[in-house]
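Subject: Structure handover

Hi there,

Here is the structure I promised to pass on. Please open it alongside this message, and then read on for my notes.

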Amino acid sequence: MKILFIAPRYSGGVGGHVSRIIPRLKTSGFEIEIMHIPHIPIKNLKNPSFTIFGIIQALLKKESYDVVHAFNVPSAFIMKYIKAKKKILAVHGVYSEQIELMHSKSVASLISSKEKQVLEWADVLTTDSLKVKIDYKNKLNLDVVHLPSPLDVKKLENISKTLPIKNQILYLGRDSYEKGIDILKSAEDKINGKIVYCINTPWEEAMIELKRSSVLVVPSRIESIPQTIKEAYYFKIPVIATKVGGIPDIVSHDKTGILIPPEDPLALTEAINSLLLNDSKIRDLTQNAYEFLIKNYSWDYLLPKYIEFYKNLIDD
């Protein structure tokens, strides 16, 4: 089976997921090709330039594929022009709601009016979040296949050993409004620990920093399912995260982590300071989280589901 993947990049959140599944599918007999599409590295021009350059590439492509799998909504405009038997689009949140938060209500209203039309260019929609699956069914009556993003445990096993740093609090993500970094910074002087910001940090360096931290903080305003939470679970680092998007899919409050309201610096401060003083709770949370991760997000568990998904798509 010949599959074409389309993503804005092949590292980080969505792109990192794509790069992780490629070698697994190849070893399972799939032929995988990826589209490398340039973009203009200016905030408001990234997605439009990626889409325009991608459409040009797609129109010039002569190859046909069994499947094309696009991994975000801007990629759908490129997917539309690819010759393939089946077209798949991955969604990571209700797109119009994300646009409203990051841009404006007027732009979001324009997007919302065309959102269903664009999503229906795909034969199948996928998401790694049960929340997104439910949201799109309720909002647009669209069926979405839940296809979780696995964690590459073997890659994490190779991260260098490091000594823990007492009361180190880690933020790992982009310096952007939707990630809520400003909320953490506004509470910084009231938090009883040192906050380390890993922004645009090479993955291995970020994992070493995570491995020696006392807490991972995810203060996002919108989110799908952050891979960093799964990585923290593997290293048995406790997680404090906002109750938004798909985060509650994997963070069960007071069982595998701590959930707090979004945009609430006081709740964030109290959660961090309280947890840093409670070693027994940290042990319980991190052990539960580790067991949950291995059971639900390992490649041993999820690879057969990916293989079945792609094969059934063509058989149908």
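This is a predicted model: local features need pLDDT of at least 70, side-chain atom pairs count only at pLDDT 80 or more; totals for chains, interfaces and linings use all residues.

Residues are numbered from 1 along each chain as its sequence is written, and side-chain values use heavy atoms, with hydrogens and water left out.

The sheet: six strands make an open sheet with parallel pairing, in the order β2-β1-β3-β4-β5-β6. Helices (H or I, at least four residues) and strands (E, at least two) are DSSP runs, numbered from the N terminus, and two strands pair if DSSP finds at least two bridges between them. At the edges sit β2 (31-35) and β6 (144-146), each pairing on one side only. From one strand to the next the twist averages 30°. Strands β1 (residues 2-6) and β3 (residues 64-70) run parallel and are joined by four bridges; F5 stands opposite H69 in β3. Helix α6 (residues 130-140) lies across β5 (124-127) and β6, at about 165° to β6.

The helices: axes here are lines fitted to C-alpha atoms, for helices over the stretch in contact, with angles from 0 to 180 degrees between N-to-C directions. Helix α10 (residues 227-235) and helix α13 (residues 279-297) have axes that come within 8 Å and cross at roughly 120°. The two are therefore oblique to each other, a class left over once angles under 35 degrees count as roughly parallel, over 145 as roughly antiparallel and 65 to 115 as roughly perpendicular. Contact (heavy atoms within 4.5 Å) is made by K230, Y233 and Y234 of α10 with A289, Y290, F292, L293 and Y297 of α13.

α13 also packs against helix α14 (residues 299-315), at an angle of about 25° and with the axes 6 Å apart, so α13 and α14 are roughly parallel to each other. Here K295, N296 and Y297 in α13 meet W299, Y301 and L302 in α14.

Aromatic pairs: rings of Phe, Tyr and Trp (its six-membered ring) pair if their centres lie within 6.5 Å, with planes under 30 degrees apart counted as stacked, over 60 as edge-to-face and the rest as tilted. The count comes to ten aromatic pairs. One of them is F77 with W121, edge-to-face at 5.1 Å centre to centre and 85° between the planes. This pair links distant parts of the chain, 44 residues apart: F77 is in helix α3 (residues 73-79) and W121 in the loop between α5 (105-119) and β5.

Best wishes
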